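The exercises below concern the fold of a protein chain and the packing of its elements. Please inspect the sequence and the model before reading the solutions.

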Amino acid sequence: MSKILILLDKNTVQTKHLAMVKKYTNLGLGDIKNRIENSSPIFECDLFKNEDDDAKLEKLITDLTNNGVKIKIYEEEISSDKEVSIKYLMNRLNRFKEIQAQNELLDDLMYGDD
């Protein structure tokens with residue numbers, strides 16, 4: 001598992017984007033604004049620990065990038081050598097889903113459908 005941190009580029013965030021972030025986090029609008037201004041993470045999760053968090057992460061990134069917000073993704077800590085690309089993270093998420101599906105298929109073959 002890896003801790004994933006999402007930061008937003010304050011120059012690309014508009015008021016309408018705050019509601020998007022609020023939808024996927026438990027943060028208030030004021031807290032979201034402060035985190036963006038202070039270059040603090042607006043979303044953190046332990047990758048592959050909780051399927052709901054992984055889904056929120058994926059949807060948040062997709063919604064924000066589709067609406068023109070530039071994001072930065074860090075693994076474990078905010079440091080230039082820990083920044084990862086959106087493509088890298090999405091590939092990891094997709095590969096994990098593929099592995100889960102393969103494991104379920106193997107379980108069904110080995111133990112039958114329950």
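Conventions come first, followed by exercises with worked solutions.

This is a predicted model, in which local features need pLDDT of at least 70 and side-chain atom pairs count only at pLDDT 80 or more, while totals for chains, interfaces and linings use all residues. Residues are numbered from 1 along each chain as its sequence is written, and side-chain values use heavy atoms, with hydrogens and water left out.

**Exercise 1.** Determine which elements the protein chain has and the order in which they run.

Solution. Helices (H or I, at least four residues) and strands (E, at least two) are taken as DSSP runs, numbered from the N terminus. Under this convention the protein chain has four helices and four strands. Read from the N terminus, the elements follow the pattern β-α-α-β-α-β-β-α.

**Exercise 2.** Describe the sheet and identify the strands at its edges.

Solution. Strands pair if DSSP finds at least two bridges between them. The four strands form an open sheet with the order S2-S1-S3-S4 and antiparallel pairing. Strand S2 (43–46) and strand S4 (83–84) each have a single partner strand, so one side of each lacks a neighbour in the sheet.

Next, consider the pairs that involve S3. Strand S1 (residues 3–8) pairs with strand S3 (residues 71–75) over five bridges, in the antiparallel sense. Within this pair, Ile 4 stands opposite Glu 75, and Leu 7 has Lys 72 as its bridge partner. S3 and S4 also run antiparallel and are joined by two bridges; here Tyr 74 stands opposite Glu 83.

Finally, consider burial, where buried means under 20% relative accessible area (1.4 Å probe, protein chains only). S3 is largely enclosed by the rest of the structure, because four of its five residues are buried.

**Exercise 3.** Characterise how H1 packs against H2.

Solution. Two packed helices are described by the angle between their axes and the distance between the axes. Axes are lines fitted to C-alpha atoms, for helices over the stretch in contact, and angles run from 0 to 180 degrees between N-to-C directions. The axes of helix H1 (residues 15–24) and helix H2 (residues 29–37) come within 10 Å and cross at roughly 110°. H1 is therefore roughly perpendicular to H2, a class that covers 65 to 115 degrees.

Contact requires heavy atoms within 4.5 Å. Leu 18, Ala 19, Val 21 and Lys 22 of H1 meet Leu 29, Ile 32, Lys 33 and Ile 36 of H2. These residues comprise six nonpolar (Ala, Val, Leu, Ile, Met, Phe, Trp, Tyr, Cys and Pro), two charged (Asp, Glu, Lys and Arg) and no polar (the others, Gly among them).

**Exercise 4.** Which residues make the contact of H1 with H3, and at what angle do the axes cross?

Solution. The axes of H1 and H3 come within 10 Å and cross at roughly 170°. The two helices are therefore roughly antiparallel, the term for angles over 145 degrees. H1 contributes His 17, Met 20, Val 21, Lys 23 and Tyr 24, and H3 contributes Lys 56, Lys 59, Leu 60, Asp 63 and Leu 64. The contact divides into five nonpolar, one polar and four charged residues.

Helix H3 (residues 51–66) lies across S1, S2 and S3 and runs at about 145° to S2.

Key: Buried means under 20% relative accessible area, exposed over 50%, partly exposed in between (1.4 Å probe, protein chains only). Angles under 35 degrees count as roughly parallel, over 145 as roughly antiparallel, 65 to 115 as roughly perpendicular and the rest as oblique.
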